[in-house]
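Let's take a friendly walk through a protein model and look at its rings and its core. Have the sequence and the 3D view ready as you read.

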Amino acid sequence: MDCVSGNKPTPFERLLAWKDQHIGDRQMMIILSFAIGFFASVAAFVLHWIIKQIQMLLTTGFTSTSYNWLYLLFPIVGIYLTSLFIKHVVKDNISHGITRVLYAISSKNSHLKSHNCWSSVIASAITIGFGGSVGAEAPIVLTGSAIGSNLGQLFKLDKRSLMVLVGCGAAAAIAGIFKAPIAGLVFTLEVLMVDLSMASLLPILVSCVTATCFSYIFVGDSSLFTFNLDNAWLLERVPSNLLLGVFCGVVSLYFMRTMTACEDGFAKLSKRPYLKLLVGGALLSTLIFLFPSLYGEGYAAIDILLNGKTEADWNAVMNNSLFYGNGHLLVVYIGLVIVTKVFATSATNGGGGCGGTFAPSLFIGGFSGFFFARLWNMYEVGPYAPEKNFALLGMAGVMAGVMHAPLTGIFLIAELTGGYQLFMPLIIVSVVSTLTISIFEPHSIYAMRLARQGKLVTHHTDQSVLTLMRLDSVIEREYTAVTPDMPLSKLVRAFSDSHTSFLPVLDKAGTLLGEVDMTKNRHIIFRTELYNKFTVEQLMTECPAKIGAADPMGEAMKLFEKTSALYLPVVDVSNRLIGYIDRSRMYSMYRKLVADFSAE
């Protein structure tokens with residue numbers, strides 16, 4: 001008998017059926033985590049290769065002994081090309097890569113769009129290659145997470161598995177870029193706040209190790225930074241390490257607060273894109289012209305600070321600038337770069353470019369550590385502080401402060417540079433920096449925006465579940481409403497049609513005025529002789545509480561606890577009734593999600 005071609009399963013459907021029969025969920029997670037690690041390492045390699053080719057094409061022939069006027073042109077061109085690519089090709093917002101991953105976890109069931117698997121790579125390569133003062137790490141984290149999310153959706157995995165695969169992609173991205181598998185793991189734990197259980201630990205580790213191994217295959221065993229320890233850590237340097245940690249915390253706070261203020265300023269220009277491009281491009285180009293160390297990711301400048309042994313070596317950081325040949329101004333130059341880097345990063349993204357704040361935090365940290373050590377030694381405050389060691393410690397300190405991720409700072413810098421001999425000061429500086437900034441900012445630069453909107457998933461299971469629950473999913477939109485002038489006789493008939501013991505009172509525009517509770521008016525509504533003597537307006541009372549449609553689920557939970565109400569009305573911004581939340585239904589859904597969230 002001939003089969004209708006339209007009923008034949010596709011090859012992929014047959015693959016899914018075979019997978020369901022022969023491969024368990026945990027085995028499938030391992031297979032996908034391996035694939036994610038491979039693809040994330042490929043994306044990282046491609047991105048850095050494109051950036052390198054563009055920079056070589058543009059800057060070959062630049063003299064190191066004087067300024068270069070082309071620094072005023074390249075960044076503007078890069079931002080403009082990036083904005084055109086995003087507007088006409090991507091047609092979606094791809095900025096703030098890690099924040100978008102956090103938002104997808106908390107509000108989109110870990111679903112990321114398919115274009116995120118490649119769009120950030122191209123956009124950030126153009127931006128950074130032309131001199132944009134941002135990092136490639138956040139775009140690659142978004143890319144890796146999108147690869148994990150889309151693979152999980154392709155194989156129809158559940159919500160919890162999708163969250164783990166998104167974490168696998170982010171971890172693989174960090175591990176692949178820096179060849180630091182442990183840093184990738186703790187980054188997922190601290191920054192993305194994906195809880196580690198035995199069900200999630202193994203896939204994330206597989207992704208990290210896979211990405212690291214393929215990065216070695218693609219680019220060899222060379223590290224992103226080189227560092228050789230010349231001065232071993234001494235116990236007498238504990239005071240300077242503690243103070244460096246405090247200094248890094250203050251610098252992190254400056255970085256976050258200034259970045260936020262600049263973003264708010266550029267957001268006001270969102271309806272005038274060409275003015276935004278002009279302001280951002282002009283500011284960025286001017287800063288790069290004055291301080292060429294701000295060009296691109298700035299890792300070459302960090303390498304100078306980490307490997308310099310003489311004043312001549314360190315003075316090379318001022319090459320191509322107006323400061324060239326003025327070694328006595330090195331401290332001034334370093335200090336100005338620290339101050340201006342955040343403006344260069346904000347101008348890049350605010351003007352229309354694409355990039356992250358991961359690399360800028362490392363950059364500012366390296367310069368801050370060197371700056372601190374140089375001042376410490378100039379004024380002989382205490383035992384000698386090796387500048388190159390303190391530059392390394394500063395990288396860990398500022399990154400830990402900005403991300404609220406001390407373990408990521410410690411292990412990333414240790415793995416990245418082989419600086420495990422400085423493990424003790426890395427711990428001291430990273431922890432003190434995080435404690436310092438936590439006094440002023442309770443969330444990382446990535447989580448800060450979502451936390452203010454109540455959309456941040458944390459390590460607290462109950463709070464995470466409330467964040468993942470959507471208010472819209474529990475609203476009952478069918479209700480029987482009455483008007484203030486309705487007589488008691490019609491009110492009784494309305495109660496007979498309703499499944500609740502109360503009725504909302506609305507005006508002609510649908511605005512919620514109050515409610516009529518049958519239990520409170522029992523002595524009246526059953527007396528037929530009063531049917532024409534009372535109206536709804538005489539019987540109604542104010543609602544014990546109401547909640548806005550845009551409010552987080554946690555607010556609904558608090559109102560139920562405070563009022564002991566069985567139902568809460570949900571209203572829009574104009575106080576028009578949308579529907580009701582049933583207490584018992586909401587708690588039932590909450591308990592189910594807690595059980596799912598806590599399951600292995």
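The count of aromatic pairs here comes to 24. Keep in mind that this is a predicted model.

**Two ring pairs**

How are the rings of F225 and Y299 arranged? Their centres are 4.9 Å apart and their planes stand at 75°, and because an angle over 60 degrees counts as edge-to-face, the pair gets that label.

Now turn to F372 and W376. Their ring centres lie 5.8 Å apart with planes at 25°, so this pair is stacked. F372 and W376 are both in helix α15, four residues apart, and are therefore separated by about one helical turn.

| Residue | Relative accessible area | Class |
|---|---|---|
| F225 | 1% | buried |
| Y299 | 8% | buried |
| F372 | 12% | buried |
| W376 | 8% | buried |

**A cluster, and charges over rings**

Rings can also gather in groups. One aromatic cluster is formed by F34, F38, F39, F45, F214 and F218.

Which residues place a charge over a ring? K179 lies over the face of Y216, at 4.7 Å from the ring centre. The charged end of K388 sits over the ring of F227, and the distance to that ring's centre is 5.5 Å.

**The nonpolar cores**

The largest nonpolar core has 111 residues, and the members that touch the most others are F178, F187, I334, F358 and F367. Helix α15 (residues 358-378) supplies the largest share of this core, with 11 residues.

Leaving aside residues up to four places away in sequence, I334 touches L305, V317, F367, F370 and F371. There is also a second, separate core of 18 residues, and I23, M29, L151 and V164 are among its members.

**One more stop: S83**

S83 sits in helix α3 (residues 74-90). Finally, find A267, which is 184 residues from S83 along the chain; the C-alpha atoms of the two are separated by 15 Å.

Terms used: Residues numbered from 1 in each chain as written. Predicted model: local features only at pLDDT ≥ 70, side-chain atom pairs only at ≥ 80, totals over all residues. Heavy atoms only, no water. Core = buried A, V, L, I, M, F, W, Y, C linked by side-chain atoms within 4.5 Å. Buried < 20%, exposed > 50% of the residue type's maximum accessible area, 1.4 Å probe, protein only. Helix = DSSP H or I, 4+ residues; strand = E, 2+ residues; numbered from the N terminus. Contact = heavy atoms within 4.5 Å. Phe/Tyr/Trp six-rings, centres within 6.5 Å; stacked < 30°, edge-to-face > 60°. Lys NZ or Arg CZ within 6 Å of the ring centre and 35° of its normal.
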